[in-house]
Amino acid sequence: VYASGDQGQGTTLAVFELSGYTATDVTTYEQQFFGSSEQVPLVDINVDGGPVTPVCPTGDQCGPFGPPPCANGCDSADYSGDIEVVADIEQQIAIAPQVDRVLVYNAPNDANGTTEVNEYYRIASDDLAASISSSWGLCEQDAGLSLIEAESVAFMQMAAQGQSMFSAAGDTGAFDCLRGSGLKSLTVDDPSSQPFVTAVG
């Protein structure tokens, strides 16, 4: 898109996220590298309340996860992946600095994947973005068949609508479960392994 000359003008892009972020960090990046007048509109679209004001599904747990006071999950503002969110948005702007807007779809980061599936369904239902990018994933074995099948419906709809879905291939190469369950066998990342998603290494 950048090389075409219009640098994304007339296009709406989207990112899939699971953490709060600070929009001014993106603005600082833009103006550092593209000039003081650069400021791509960011449109926040929260699903299940979003990560800052989560409405966690019944029986589920939503982040932040980690040391106390949220060792077992809690329904409070979650900025634990803010660096990832900001980096995702900045990558979109680097590729297409004149894009009309970036839609930041965001849901609470939950334990069983319900909010994730809800977010993908919302992106497909809205049908607003020409291209969607996600750097969030989980190895197939840890994700489980039910989650993978549920996601696939959203990805099929996106493809039928002409939306392109891109996903990170994972952080540990051919051993994708190492950062999750610790499984040491060859594994791949979901959703980048889905047939209607393009994996980006």
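## Helix H2 over the sheet

Helix H2 (82–95) lies across E1, E2, strand E3 (101–106) and E4, and runs at about 160 degrees to E1. Contact here means heavy atoms within 4.5 Å; helices (H or I, at least four residues) and strands (E, at least two) are DSSP runs numbered from the N terminus. Axes are lines fitted to C-alpha atoms, for helices over the stretch in contact, with angles from 0 to 180 degrees between N-to-C directions.

This is a predicted model, so to speak with care: local features need pLDDT of at least 70 and side-chain atom pairs count only at pLDDT 80 or more, while totals for chains, interfaces and linings use all residues. Residues are numbered from 1 along each chain as its sequence is written, and side-chain values use heavy atoms, with hydrogens and water left out.

## The sheet

Six strands make an open, parallel sheet, ordered E2-E3-E1-E4-E6-E8; a pair needs at least two DSSP bridges. Strand E2 (42–46) and strand E8 (198–200) sit at the edges with a single partner strand each, so one side of each has no neighbour in the sheet. On average, neighbouring strands are turned by 25 degrees against each other, direction ignored.

E4 and E6 run parallel and are joined by four bridges. Ile132 stands opposite Met165 in E6.

## The largest pocket

H2 gives the most, six residues.
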